[in-house]
Amino acid sequence: MVQGTSFLPDALRQQLAEVGQVDLLVGIPSYNNAGTIGHVVRAIQGGFAKHFPDQRALLINSDGGSKDGTPEVVRQASIGSFETILAAHPLRTVHRITTPYHGIPGKGSALRTAFAAAVLTGAKACAVVDADLRSITPQWIELLLGPVVRQGFDFIAPLYHRHKYDGTITNSIVYPLTRALYGKRVRQPIGGDFGFSGRLAEHYLAHDVWSSDVARYGIDIWMTTTAITGGFKVGQSFLGAKIHDAKDPSVDLSAMLMQVTSVVLTLMGTHVALWRKVRGSHPVPVFGFEYAVGLEPVPVNLARMLDRFRTGARELRSIWELALHPATAAGVARAASASDEEMDFPPQLWVRTIYDFAVAYQQRRVNREHLLRSLTPLYLGRTAAFVKQTREAGAQEVEEILEELCLQFERDKPYLLQRWEETGGGS
Amino acid sequence: MTVTFSERLLGSLNMFFEAVLRFLPGLLAAALILVIGLVVGWVLRLLVSRILRVAGFDRYCDASGVRAVLGHADIRTAPSILLGRALFWLVFLSFAMAGLSALQVGVINQLIAEFFLYLPRIISAVLVLLVGLLLGGFLSRAALLGAVNAGMPSPRLIAIVVKLLIVVLSFAMALEQLRIATSIVLAAFIIAFGAVMFGLALAFGLGGRGVARRVLERQWQRQREDAADGFSHL
């Protein structure tokens, strides 16, 4: 039995055996996405037909027990007539499998099934795309799989144009921290839509992380970091705009933030020998033709964010004091006590807050889940300051502000290293 | 008569000296056992404290909130040292009891037997109380974080109520373990717990109906505002 695939149910193994060897595989994790997944399946089908007509391809949907008929939509979705998008008919049939996944409910468990299917079918190039995408086109398949198939890349991260208030965890924590730690400018490390080689899928499966937060929201950053730290060839493709289904209001921000940051900080502890030596950062190759896109406005409730930040400062001070350096804690207290007009959470204060939390996480000074849950009000405080700063700013100006934040993370890395060594985290 | 007196005197003295001679080895043995207990307890205290410190026990106690619980009781000593001391006293007391039994005094032997029978109850009561305090601290902090992140009103009050309920419950369980006025403690706990719940039901159901409605409405409004917020954080 191939390593890391023993968890697959026999029925799926049978289906994969019937499909046989394939060249390409695209996985779609889903849960109650009947409204959008049909469009995603058709885009993939079109992408295979248009850009890889002579390759054997498999589309696998791993579903988390949808109640809205998502698997049926996947089975029935069809592009109809290829004449509208193609000059000729595709040469090969796209195999399609829809299967429930096993393990902890979450995107990570769903993708694990896709990785195992890729290894068992011998796929050379794979991609995973979210099931709630509205802006996916057949071109995305070429952009995610093409660099792997034709140029020998192992990991292709997405590069989108997003609204300035879309992806704020990415912009304020995950991208700048990952860039400062590992020195690679992967702009959307938790973008959700990735291309990767078969050998990287095998590498992913060899890790025993499927009962941690990687099985949930942490999978995206884990895939990106594992590809970078494993020395794999990493690139990114410009996919245009990322427009996806409206978020599920029941999804708890605090849980989402905790799952993502716990994976980032755990990996930080694992790869300390690697990131300790890295200074500065450098860009990674970009594929695709970059163009400007119009984005829908995003409503923002600034007063609510400020209220949550101040409530946190009032109620969670005892936890923050265990994590934050006294100077950082004083800066946070000043920000919380300022009026709405004067409130600011400057980049350096934010960088030191994140670095202090990273050190406290390694030291286990506070229960790790509690520590990361206490980060939510701080994150909302920083986001509120960012919204105030960029209210009138255009996309280019916002990108410059984010670049300055990233440079601050890089400039302050000696502070992280110093605190890491002082507190014994650097062993 | 004189002979009788001297005989009696010598007899008494003989009996006394015989008793002292009979008692002396026991006393010496008791003293020796006590000294051995002191040495063994001291060595174990040193060994256990060091092993725990090297193994990062103090850091673990920080993370799990044990240190915070001790802090509330104004105990600032490191948990590894504290555990070492507790072990020393346990070992020393056990040796002391063994030493006392070497004296072969009936009453003391009976007291020692009772002490050893009661010892497991004391240990389990202390453990129940410690676990209750730890669990109370942990769940209280979890409740505080949950309430703050959900934007609920009075998060501190929620956290205090959670902690109080768990600590009171563990205290009642510890007293039950010690068999101290079992029925009174149980009855008091049931009455107190029932009174609190009944009081809350009355306060929210009758007196504070308006307040309860406002709190729930505000919470619902906050949830609607959250859903309407267009942020996609990931």
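Student: Where is the place of Asp166(A) in chain A?

Tutor: Good start! Keep in mind that this is a predicted model. Asp166(A) sits in the loop between strand S5 (155–161) and H6 of chain A.

Student: What does the side chain of Asp166(A) make a polar contact with?

Tutor: Its partner is the side chain of Arg162(A), at 3.4 Å. The cut-off for such a pair of N or O atoms is within 3.5 Å, so 3.4 Å qualifies.

Student: Now the whole chain. How many helices and strands does chain A have?

Tutor: Chain A has 18 helices and 10 strands.

Student: What makes chain A as compact as a globular protein of that length?

Tutor: Its radius of gyration is 22 Å, and the globule rule gives 22 Å for 427 residues, so chain A is as compact as a globular protein of that length. Along the principal axes, the C-alpha atoms of chain A fill a box of roughly 65 × 45 × 40 Å. Of the 427 residues, 60% count as buried. Among contacts in chain A with a separation of 6 or more, 85% are between residues 24 or more positions apart.

Student: How do you know that Lys107(A) and Asp130(A) meet in a salt bridge?

Tutor: The rule asks for a side-chain nitrogen of Lys or Arg within 4 Å of a carboxyl oxygen of Asp or Glu. For Lys107(A) and Asp130(A) the N to O distance is 3.0 Å, so the pair is a salt bridge.

Student: What makes this pair tie parts of the chain together?

Tutor: Lys107(A) lies in helix H4 (residues 107–121) of chain A, while Asp130(A) is in the loop between strand S4 (125–128) and helix H5 (138–151), so the pair ties together parts that are 23 residues apart in sequence. Asp130(A), at 14% relative accessibility, counts as buried.

Student: Which other residue forms a salt bridge with Lys107(A)?

Tutor: Asp220(A) does, with the closest N and O atoms 3.0 Å apart. This pair links distant parts of the chain, as Lys107(A) is in helix H4 and Asp220(A) in helix H8 (residues 219–229), 113 residues apart. Both Lys107(A) and Asp220(A) are buried.

Student: Which residues do salt bridges that share partners join into one network?

Tutor: The network joins Lys107(A), Asp130(A), Asp193(A), Asp220(A) and Lys242(A). Over all chains, the structure holds 23 salt bridges.

Student: Why does Ile104(A) count as partly exposed?

Tutor: At 21% relative accessibility, Ile104(A) falls in between, so Ile104(A) counts as partly exposed. Ile104(A) is in the loop between strand S3 (94–100) and H4 of chain A. Not counting residues up to four places away in sequence, Ile104(A) touches Ser109(A), Trp210(A), Ser211(A), Ser212(A), Ala215(A) and Arg216(A).

Student: Let's turn to the two chains. How many residues does the contact take from chain A and from chain B?

Tutor: It takes 43 residues from chain A and 25 residues from chain B. The two chains bury about 2800 Å² between them, 58% of it on carbon and sulfur atoms. Arg304(A), Glu315(A) and His370(A) supply 22% of the area that chain A buries against chain B, more than any other three residues.

Student: How do you know that Glu315(A) and Arg156(B) meet in a salt bridge?

Tutor: Their side chains come to 3.1 Å, N to O, and the cut-off is within 4 Å, so the pair counts. The count between chain A and chain B is 1 salt bridge. The rule also finds 5 residue pairs in polar contact across this interface.

Student: Which helix gives the largest share of the side of chain A that touches chain B?

Tutor: That is H11(A), with 8 residues.

Note on methods. Residues numbered from 1 in each chain as written. Chains lettered and ligands numbered in written order. Predicted model: local features only at pLDDT ≥ 70, side-chain atom pairs only at ≥ 80, totals over all residues. Heavy atoms only, no water. Contact = heavy atoms within 4.5 Å. Buried area = accessible area lost by both parts, 1.4 Å probe. Polar contact = N/O pair within 3.5 Å; in protein donor to acceptor, adjacent residues only side chain to side chain. Helix = DSSP H or I, 4+ residues; strand = E, 2+ residues; numbered from the N terminus. Rg over C-alpha atoms; globule rule 2.2 N^0.38 Å. Buried < 20%, exposed > 50% of the residue type's maximum accessible area, 1.4 Å probe, protein only.
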